[in-house]
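I set out these entries as a record of what I looked up, one topic at a time.

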Amino acid sequence: MSHDSRTAPRICPLCEATCGLTLTIEGTTVTGARGDRDDIFSRGFICPKGASFGGLDADPDRLRVPLVRGEDGELREAAWGEAFDLIAARIPDLVKTHGPQAVGVVLGNPNVHTMAGSLYPPLLLGALRTRNVFTASTLDQMPKHVSSGLLFGDAHAIPVPDLDRTDHLLLIGANPLESNGSLCTAPDFPGRLKALRRRGGTLTVIDPRRTRTARLADRHVAIRPGADALLLAALAHTLIDDKLADPGPLAEHLEGLDELAAALAEFTPDAVAAACDVDADTITAIARELAAAPTAAVYGRIGSCTVEHGTLASWLVDVLNILTGNLDRPGGALFPLSATARAPRTAEPGARHAAPGKGFALGRWSSRVSGHPEAKGELPIAALAEEIDTPGEDRIRALVVIAANPVLSAPDGDRLDAALADGLDFMVSVDPYLNETSRRAHVVLPPPPPSQSAHFDFAFNGFAVHNQVRYTRAAVPLEDGRMDESEIHARLILAVSGLHGAPPSAVDDQAVDTALTRAGAPKELAAGLTGESGPERRLDLMLRLGPYGLTLQRLLAHPHGIDLGPLKPRLTEVLRTRSGRIELLPDPIAADLPRLRRALGDRPAPLVLVGRRHLRSNNSWMHNVGSLTGGSNVCTLQIHPDDAARLGLADGDTARIESSGGGIEAPAEITDTVRSGVVSLPHGWGHSRPGTRMSVAAAHPGANVNQLLDGTLLDPLSGTAVLNAIPVSVTPAH
């Protein structure tokens with residue numbers, strides 16, 4: 001380390017594990033990153049993404065100043081003032097002429113990895129008053145939000161497995177050794193699974209691929225893709241029918257147990273075995289192992305969410321935790337309590353169950369063209385293109401896209417790309433890159449690299465397997481000519497609100513005032529808030545109003561974080577259903593079960609496609625980091641040797657894959673890690689469109705798997721695009 005080198009702590013923003021890093025900095029350049037051994041949560045763990053922090057931070061393809069589309073149709077560099085002037089001139093006028101529904105908002109996955117992306121989009125939506133909101137959730141986790149909302153009355157009340165204390169962990173559709181965990185924030189997920197095995201625990205993995213996670217398992221079940229809900233229903237049926245169900249103390253909080261038993265009566269192990277391609281004895285054995293374990297947790301993720309019955313599968317995951325008495329108990333699945341959560345609402349003294357809440361409703365409005373019901377205030381992102389290119393009143397004419405690349409991440413990118421190019425009057429993109437989506441914008445606003453931004457995990461602390469809190473300020477000063485990401489968001493809100501020219505601090509002041517009003521706290525509290533910026537003042541307020549009574553100053557005094565203790569039972573604090581109980585068989589679930597029953601008689605397609613995650617990638621937004629390319633991080637079609645021989649494919653041959661939405665080509669990778677009848681392509685590739693400025697990604701473009709989908713196949717309860725178990729045909733390319 002040179003004489004002018006220094007180190008700084010930084011929470012990694014590149015996946016949901018939120019590991020602590022120690023950055024090495026020379027001048028204002030990050031020259032290295034290693035795991036922070038003093039971090040109270042990650043204890044020095046680091047993955048290849050975190051180790052590549054410096055390469056991503058200094059990527060020369062990152063935009064440094066705004067881009068504005070000129071009269072010649074070309075994007076050119078512009079001053080910040082000119083960019084916001086243009087937004088202020090266009091969007092309010094479009095809203096005045098056509099109404100608020102003429103504006104759509106798209107929020108991508110990276111938003112939950114930044115402070116600004118967490119704090120400001122709700123204020124933007126409030127300013128625009130549009131119902132045309134689309135996020136990455138309907139490509140990923142919305143089924144879990146919907147099932148939690150229906151069960152517990154709160155779409156954000158998602159229980160997580162107590163990894164460090166459980167005796168038996170059942171994973172379905174999850175590969176945390178590659179993903180690092182999702183809706184389950186757990187640094188060093190691999191180490192935690194190995195610790196489970198060392199203490200004599202059991203790991204069961206249900207996945208059509210023999211993933212790195214599956215190779216650790218005591219039992220790996222290679223299920224037929226898309227049959228997750230059927231298998232889970234059979235497990236629940238077995239627990240009930242064999243009188244193994246024992247909710248324990250949960251019983252007084254349950255509603256609908258008898259109705260649940262009747263609803264699942266047809267889903268016997270024998271009935272589902274053929275559809276799942278899992279024999280009945282194995283299903284029965286898994287159910288009995290769950291029931292016999294001293295503690296157990298069932299955890300499902302994207303593989304069980306992005307299928308035709310994703311919400312039912314997500315619901316059944318928690319049904320199993322409830323029936324075995326493992327919901328809300330140590331070693332089972334518990335509800336984390338983050339430092340910025342609203343203070344717990346407890347039941348009245350002497351009450352046997354939580355007080356009734358407002359509950360959770362679906363379909364409060366619907367999309368204009370296809371009538372898709374909203375879920376959690378969002379419409380399916382698969383419907384975005386038709387909302388732009390279909391004429392009629394309330395057609396989307398302007399779009400605000402924040403940290404999203406739906407041309408690659410949503411179905412039928414070709415149609416969406418054409419809609420963005422020809423169907424919009426105006427588009428704003430907040431993005432560090434000129435990518436497949438932002439290249440269509442009229443204004444591109446680039447946030448600074450992560451080293452120049454403060455970091456706090458508002459979202460992921462609510463899914464953490466251990467209660468803790470950490471905050472890191474920017475590791476290096478903001479570079480000349482750049483604008484802080486929070487200021488970009490604040491100025492954007494002012495521009496679309498007709499308040500262009502007001503100071504950005506006005507947005508944060510209003511947010512503080514609103515938070516105090518909602519909390520019933522005295523307005524005088526605002527004067528005592530500390531912090532060097534509006535976001536820090538807002539964080540200070542949230543910590544003060546939170547369940548631990550912390551302050552920003554105390555957090556700053558602990559640069560490696562504060563340990564808030566293991567997860568604890570707190571069911572009565574989170575229940576928000578109208579009954580004040582866990583509603584085991586909500587009406588929307590009951591209404592969807594006949595569709596699952598019909599699946600018992602479905603004949604499987606000869607060949608279906610599933611996705612896969614790479615340890616050195618995160619969707620479409622990390623493919624421009626040279627140190628993360630190559631190796632296993634490649635876009636290949638994995639195919640079983642028997643299928644390859646039948647189709648006449650050799651390893652490395654170019655395969656043609658076709659489905660309802662179109663066709664693509666990719667190199668064949670012959671491997672027995674996928675079961676026969678299944679092929680696998682990773683998500684987020686296809687960097688071959690002209691007009692982007694991502695040189696590394698363009699050199700390794702891969703194929704866009706979502707171009708195989710036409711966007712019409714959705715999980716009806718959540719509006720989530722079906723991305724797995726897609727029937728395909730595969731032939732050698734000519």
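In which sense do strand 21 and strand 25 pair, and over how many bridges? I found that strand 21 (residues 608-610) and strand 25 (residues 678-680) pair in the parallel sense over 3 bridges. I take strands and helices as DSSP runs numbered from the N terminus, a strand being E over at least two residues and a helix H or I over at least four, and I call two strands paired if DSSP finds at least two bridges between them.

Before going on, I note that this is a predicted model, in which local features need pLDDT of at least 70 and side-chain atom pairs count only at pLDDT 80 or more, while totals for chains, interfaces and linings use all residues. Residues are numbered from 1 along each chain as its sequence is written, and side-chain values use heavy atoms, with hydrogens and water left out.

I then followed the open sheet of 7 strands, whose order is 28-21-25-22-24-23-29 with mixed pairing. Its edge strands are strand 28 (726-727) and strand 29 (729-732), each of which pairs on one side only.

**Strand 16.** I next looked up strand 16 (residues 426-430), where 5 of the 5 residues are buried, buried meaning under 20% relative accessible area, as against over 50% for exposed and partly exposed in between, with a 1.4 Å probe and protein chains only. Phe426, Val428 and Val430 point one way from this strand, Met427 and Ser429 point the other way, and all are buried. In a regular strand the side chains alternate between the two faces of the sheet. Strand 15 (residues 398-402) runs parallel to strand 16 and is joined to it by 5 bridges, whereas 3 bridges join strand 16 to strand 17 (residues 443-445), again in parallel. Valine 428 is the bridge partner of valine 400, and in strand 17 the partner of valine 428 is valine 443.

**Positive phi.** Most residues other than glycine have a negative phi, and most peptide bonds are trans. I therefore noted threonine 18, which has a positive phi of about 55° although it is not a glycine; threonine 18 lies in the loop between strand 1 (5-11) and strand 2 (20-26) and, at 1% relative accessibility, counts as buried. Aspartate 412 has a phi near 50°, also positive, and is found in the loop between helix 17 (406-409) and helix 18 (413-422). Aspartate 412 is buried as well, with a relative accessible area of 16%.

**Cysteines.** I searched the whole structure and found 0 disulfides, a disulfide being a pair of cysteine sulfur atoms within 2.5 Å. For cysteine 15, the nearest cysteine sulfur is that of cysteine 47, 5.3 Å away. Cysteine 15 counts as buried at 7% relative accessibility, and cysteine 47 is buried with a relative accessible area of 11%.

**Helices 10 and 12.** How do the axes of these two helices cross? The axes of helix 10 (residues 228-241) and helix 12 (residues 269-276) come within 9 Å and cross at roughly 160°, axes being lines fitted to C-alpha atoms over the stretch in contact, with angles from 0 to 180 degrees between N-to-C directions. The two helices are therefore roughly antiparallel to each other, a term that applies to angles over 145 degrees. Counting contact as heavy atoms within 4.5 Å, I found that Leu230, Leu231, Ala234, His237 and Thr238 in helix 10 meet Pro269, Val272, Ala275 and Cys276 in helix 12.

Methods
Angles under 35 degrees count as roughly parallel, over 145 as roughly antiparallel, 65 to 115 as roughly perpendicular and the rest as oblique.
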